[in-house]
Amino acid sequence: MGVLRLILGDQLNRRIASLSDLDPEHDTVLMVEVRDEATYVRHHKQKIAFLFSAMRHFAAELEADGVRVDYVRLKDRGNTGSFCGELERAVKRHKPQRVVVTEPGEWRVWEMMQDWRENLSVPVEIREDNRFLCSRGEFERWAGDRASLRMETFYRGMRRRTGWLMDGKEPVGGQWNFDSDNRKRLPRDLEPPERKRFAPDAITQDCLALVEAEFGEHFGSLEDFGWPVTRQDALAALKGFIRHGLPTFGDYQDAMRTGAPFLYHALISPMLNAGLLTAQEVCEAAVRAYEAGTVPLNCAEGFIRQILGWREYVRGLYWARMPAYAQTNALEATRDLPWFYWSGETEMNCLAQCIGETQAHAYAHHIQRLMVLGNFALLAGLAPAQVEEWYLVVYADAYEWVELPNVHGMVLFADGGVMGSKPYAASGAYIDRMSDYCAGCRYDVKVKAGEKACPFNYLYWDFLIRNSERLENNPRLAMPYRTLARMSPKRRAEVKEDAGRFLATLDPNPPAQSGAQAASAT
Ligand SMILES: Cc1cc2nc3c(=O)[nH]c(=O)nc-3n(C[C@H](O)[C@H](O)[C@H](O)COP(=O)(O)OP(=O)(O)OC[C@H]3O[C@@H](n4cnc5c(N)ncnc54)[C@H](O)[C@@H]3O)c2cc1C
Ligand code: SF4
């Protein structure tokens, strides 16, 4: 036989490097559903169902085009449950001349691949992932050994290179960034478009049943599953977004509303990260819509910056700085993740809303992840590794290459400023400005101290006090530290007391277990 081409679950693209020279006469494509990958963290049930279904559809499309696919299902007899075991078995079955694979999205799997090179009885060729707009090598050359990197500089370079939204050497509209236009509060009478939901077909239904049976204890619900699982449906989702969401995307990019989890967001990250869509085609669709006059510049630019800028930047940073990147804890945060991150049972309405939507949809939009869920983790001093695991578990789009820099760097500042210039710490006023959550909360966002006060208000100042030595010389935090310097000792003591009282109530255990532990302790 010819070549054995291993396609991982997040590499579902016909143009992926490992298929570029596919010879259907002699080669076999290997795809494997393995328990280790579904359980190394207990992924949201929708993520597993999405990936298994997308894999099965992708395999069926290849077969329909005359490609030989060796597809190992989760429950097939003899399935060893790991990539290594399945690859070894497949090499024995097919006796290929060599194995070809595209580099993975996670360091963990990258290390496995190095073992395959050493231990398999046939040569293993690992190809560069050609789905990104900036290769790992290019990013490393750009980053060099600088201690801190900045997305904005990277992004401008990428705009120049691609020519997207460029007028010669200058950005179209004379500005690189329209962020200041993109922070509007959502007007009460504005109704965002309905999410385009893709009803599960027979293959997806099988996967939903499999996941419920095998991974029923995992986080989240399958009830509202509506993700596209084929390239055709992913393209339909993209088209729907460009027409109905993108023209308003920029303006309300940061807004949050109770009962409206999707607003004007694209809902494409699971498909982009699994290969059903490419960054290039998504950005080109946005550029075309701008050039056709159907999308204003602030929306097209705001959207393209997320993909050409942030997405490429975090991916480059991950590979350039791993594995050391994951080990730092610059703010020495050690508190355990409170149980309510799993259950949603908290009286803080903003957190309860965002966690509830995450359970239901395996989705929360960027500002919910950053300024509600992440902001709390930062201010409460939660341990980075626990927070990172939570984010890797709960979202359908979560892979370490994109999750880790966003959580470790952007949210927790655990990298000490490699990724961003300051922590995104905010008091309740920000959440109140950008959402309607506070109206339904038992706390009062306008109250600064005492039982009724919004916890974000005193946690914000407590965070700045606790981290004074590390952060007070950061020029981007000069203003809050000036305010803190003017704070009376009495007020400081009040902040410390409120924060201490509140933080002591955070329990990492489920209520029943806490009760049992308390009972056994007495
Ligand atoms: C704490 C935290 C954790 C995150 N974890 C993930 C993750 O595991 N996987 C993931 O794909 N994204 C992650 N993001 C980025 C972002 O929140 C999601 O990509 C976005 O919410 C996906 O929804 P959407 O497709 O509707 O995005 P839109 O808001 O419509 O944006 C369009 C696209 O831009 C890209 N994008 C936007 N922001 C980022 C970013 N900061 N980093 C990388 N890509 C970005 C995504 O591909 C997204 O699909 C995280 C952000 C934060 C703050
Ligand atoms: S009052 Fe505070 S805790 Fe309650 S929803 Fe508003 S920001 Fe969140």
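Glu332 is exposed, with a relative accessible area of 56%; here exposed stands for over 50% relative accessible area, buried for under 20%, and partly exposed for values in between, with a 1.4 Å probe and protein chains only. The model is a predicted one, in which local features need pLDDT of at least 70 and side-chain atom pairs count only at pLDDT 80 or more, while totals for chains, interfaces and linings use all residues. Residues are numbered from 1 along each chain as its sequence is written, chains are lettered from A and ligands numbered from 1 in the order in which they are written, and side-chain values use heavy atoms, with hydrogens and water left out.

Glu332 sits in the loop between α11 and α12 (340-343); helices (H or I, at least four residues) and strands (E, at least two) are DSSP runs, numbered from the N terminus. The phi of Glu332 is near 50°, a positive value in a residue other than glycine. Pro323 is also placed in the loop between α11 and α12, and the peptide bond that leads from Met322 to Pro323 is cis, with omega near 0°. Most residues other than glycine have a negative phi, and most peptide bonds are trans.

A positive phi is found for Phe413 as well, with a value near 55°. In contrast to the exposed Glu332, Phe413 counts as buried, at 6% relative accessibility.

Helix α16 itself is mostly covered, with 11 of its 12 residues buried. Among the buried residues of α16 are Glu400, Trp401, Glu403, His408 and Met410. The buried part of the helix packs against α4 (107-119), α9, α11, α14 and α15 (384-394), where contact means heavy atoms within 4.5 Å.

The surroundings of ligand 1 draw on several of these helices. At least two residues of the shell come from each of α9 (269-274), α11 (297-321), α14 (366-380) and α16 (400-411). In total 29 residues surround ligand 1, and the closest are His265, Ala266, Leu267, Asn273 and Tyr363; a residue is counted as near a molecule if one of its heavy atoms lies within 4 Å of it. By class, the shell has 18 nonpolar, seven polar and four charged residues. In this classification Ala, Val, Leu, Ile, Met, Phe, Trp, Tyr, Cys and Pro count as nonpolar, Asp, Glu, Lys and Arg as charged, and the others, Gly among them, as polar.

A backbone N or O atom of Ala266 is 2.8 Å from a ligand 1 oxygen. For the side chain of Asn273, the separation between an N or O atom and an oxygen of ligand 1 is 2.9 Å. A polar side-chain atom of His366 is found 3.2 Å from an oxygen atom of ligand 1. Taken alone, ligand 1 exposes 810 Å², of which the protein buries 99%; the accessible areas come from the Shrake-Rupley method with a 1.4 Å probe, and for residues only the protein chains shown count as cover.

Around ligand 2, the shell consists of 10 nonpolar, no polar and no charged residues. Members of this shell include Met348, Ile431, Tyr437, Val445 and Phe456, together with Cys350, Cys438, Cys441 and Cys454.

The structure holds zero disulfides, a disulfide being a pair of cysteine sulfur atoms within 2.5 Å. Cys283 is buried, with a relative accessible area of 0%. The cysteine sulfur closest to that of Cys283 belongs to Cys134 and is 13 Å away, too far for a bond.

Two further loop positions were examined. Lys184 is located in the loop between β7 (170-171) and α7 (202-215) and is partly exposed, with a relative accessible area of 38%. The side chain of Lys184 reaches the backbone oxygen of Asp181 at 3.3 Å. Beyond its neighbours within four places in sequence, Lys184 is in contact with Asp251, Tyr252, Ala255 and Met434. Lys184 and Asp251 are 67 residues apart along the chain, yet their C-alpha atoms are separated by 5.6 Å.

Ser82 lies in the loop between β3 (69-72) and α3 (83-94) and is buried, at a relative accessible area of 17%. Leaving aside neighbours within four places in sequence, Ser82 is in contact with Val34 and Asp36.

Technical notes:
Polar contact = N/O pair within 3.5 Å; in protein donor to acceptor, adjacent residues only side chain to side chain.
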